[in-house]
Amino acid sequence: MMKTEMSWKSQACFFLLYLLLQFPTDSLGISKGNAQIQQNNLKRSQFPDEFLFGASTSAYQIEGAYLEDGKGINNWDVFCTINGKIQNGDNGNVADDHYHRYLEDIDLMHDLGLDAYRFSISWTRILPKGRFGGVNQAGIEFYNKVIDNLLSKGIKPFVTIHHHDHPQELEDRYGGWLSSEMQEDFVYFAEICFESFGDRVKYWITINEPNLFADMAYERGWYPPAHCSPPFGNCSVGNSDVEPLIAMHNMLLAHGKAAKAYREQFQAKQGGLIGITAHMFMYEPLSNDVHDQEAANRALAFTAAWTYDPLVFGDYPPEMRLYHGSELPSFTSEESALIKDSVDFIGINHYSTLYVKDCLYSRCNCTGSSCSKAWDRAIQGFYYTTGERDGVLIGEPTGNPRVFVVPRGIEEIVDYIKERYHNKPMFILENGYSSPNKTASALFIENDAKRIEYHKAYLPFLARAISNGADVRGYFIWSFMDAFEWTDGYETKFGLYYVQPLTLHRFPKLSATWYRDFLSNNVQTTNSTALHSVE
């Protein structure tokens with residue numbers, strides 16, 4: 001952040017006074033005044049003509065058919081069999097049965113008016129045993145049919161190569177992402193995808209949220225292979241202070257090698273773009289103290305910049321180098337050249353904003369459900385994050401205790417990426433809302449007015465960022481339909497469509513009708529009455 005003659009505290013006070021005068025807040029924490037007028041009148045036509053609106057899913061979360069047509073066992077297939085790991089003992093064996101219902105789902109996407117659909121390739125549907133087995137032609141044929149049918153409906157495929165699931169064979173042989181061998185397996189998989197689908201796929205995302213996966217799988221132990229150490233958790237194996245850094249290092253190099261292969265062998269003739277996407281909260285200082293401001297900047301470096309500094313500049317953020325020291329792996333000069341400028345676009349998965357409290361220069365004590373742990377460790381950047389300040393939440397709660405409705409955050413995170421990475425093209429590849437009422441009836445689930453409010457609140461702030469020069473080229477709602485939400489199983493629901501658990505029939509929620517109307521420039525107020533009742 002650039003220094004000015006005006007002190008940080010003076011700037012903050014001036015800005016706060018301006019906000020209070022211009023934008024009183026409502027129950028959702030949405031700025032009123034000009035921003036509220038934007039919300040009430042926002043149309044699709046106010047975004048650039050070439051701007052893409054879509055929705056997202058991932059393979060394990062919706063496909064099912066976990067042992068059909070030659071598919072191999074992946075890490076989540078195994079993890080979900082471990083007692084207590086997933087809510088209600090759920091798994092993705094059937095999921096939404098998209099494998100058998102993809103034609104119906106693509107018809108629904110077309111009815112919505114989607115410009116684009118983001119989905120992922122199941123690694124084990126293509127390579128059941130990674131490099132250590134053959135290519136499964138049935139898997140190739142399935143994704144060919146998905147891609148061809150999307151294109152026949154005028155929907156652009158955005159393809160994620162790796163979205164948390166990989167062959168269990170690779171975990172058993174050499175430890176998955178803790179081994180540099182995983183880089184070679186990933187590149188082999190990616191090259192098969194480029195060769196098989198790249199003549200029609202023009203947008204590639206190599207890895208979904210490597211920063212989040214490193215955290216959840218190797219720091220907290222919540223995702224497979226469930227590695228962690230105290231105080232982060234009580235796993236049978238792992239080192240939470242070091243292993244996330246190693247796994248992330250291998251994922252970044254895997255991306256770099258795959259991007260190099262794409263650019264050298266496929267991009268010129270196929271004409272596509274390649275990038276990656278990272279999980280990004282926006283962070284705001286808990287207080288006006290300068291140390292909390294520094295901690296908020298540090299939090300962005302330890303999350304968003306952990307992914308993108310290496311892939312744009314060729315090395316980890318200096319903020320991480322300062323506090324991690326020798327624990328943070330180093331890139332050789334050849335590796336640095338490989339990964340530098342290895343993204344054609346920056347993917348942003350953004351849902352919420354949190355407060356940040358510095359723990360280097362002040363005593364920290366946070367006990368709320370939204371508090372982060374182990375703030376005295378370098379892996380956590382010597383800060384804690386929370387959604388509460390002086391007993392007041394930063395925004396309306398959602399179905400995740402650390403996710404709140406804070407619309408301004410999407411503009412702020414876009415501006416941060418714009419400034420740090422010289423306005424490289426961006427896509428919002430995930431943005432979505434989960435209801436806090438996880439035991440609601442199907443009728444209540446379909447009347448998802450809060451989901452509509454969420455998107456109607458976030459989109460004006462995104463539009464303002466674009467009008468101020470941010471090169472954002474698309475916005476994808478997470479998710480197209482309710483799905484297996486990892487350790488939450490099927491309790492947490494993000495979808496525009498409700499999937500009835502017994503019949504797997506898709507029912508449009510109120511938000512689906514709102515999105516369809518928005519995409520067709522129909523801004524009439526959507527009636528809050530359910531479109532369908534589900535028996």
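## Order of the open sheet

What order do the strands take in the open sheet of three strands? The order is β6-β8-β9, and the pairing is mixed. At the edges stand β6 (282-285) and β9 (383-386), each with a single partner strand, so one side of each has no neighbour in the sheet. Ignoring direction, neighbouring strands here are turned by 40° against each other on average. Strands, like helices, are DSSP runs numbered from the N terminus (helices: H or I, at least four residues; strands: E, at least two), and two strands pair if DSSP finds at least two bridges between them.

A word on the model before going further: this is a predicted one, in which local features need pLDDT of at least 70 and side-chain atom pairs count only at pLDDT 80 or more, while totals for chains, interfaces and linings use all residues. Residues are numbered from 1 along each chain as its sequence is written, and side-chain values use heavy atoms, with hydrogens and water left out.

## Helices on this sheet

Strand β6 is joined to β8 (residues 353-358) by four bridges, and these two run parallel. Across from Pro285 you will find Val356 in β8. Helix α13 (residues 290-313) packs on the sheet and touches β6, β8 and β9; its direction makes about 120° with that of β8. Helix α16 (residues 408-420) lies across β6 and β8, at about 100° to β6. Contact means heavy atoms within 4.5 Å, and axes are lines fitted to C-alpha atoms (for helices over the stretch in contact), with angles from 0 to 180 degrees between N-to-C directions.

## Strand β4 and its partners

Now to β4 (residues 203-208), where six of six residues are buried (under 20% relative accessible area; exposed is over 50%, partly exposed in between; 1.4 Å probe, protein chains only). Four bridges link β4 in parallel to β3 (residues 156-162), with His162 opposite Ile207. Another four bridges link β4 in parallel to β5 (residues 273-279), where Gly275 is the bridge partner of Ile205.

## Cysteines

The model has two disulfides, counted as pairs of cysteine sulfur atoms within 2.5 Å. Cys228 and Cys235 form one, S to S 1.9 Å, and this link is right-handed, with 100° about the S-S bond. Cys228 is buried at 2% relative accessibility, whereas Cys235 is partly exposed at 21%.

Cys359 and Cys364 also form a disulfide, with sulfur atoms 2.0 Å apart. This link is left-handed, with -110° about the S-S bond, and both cysteines are buried.
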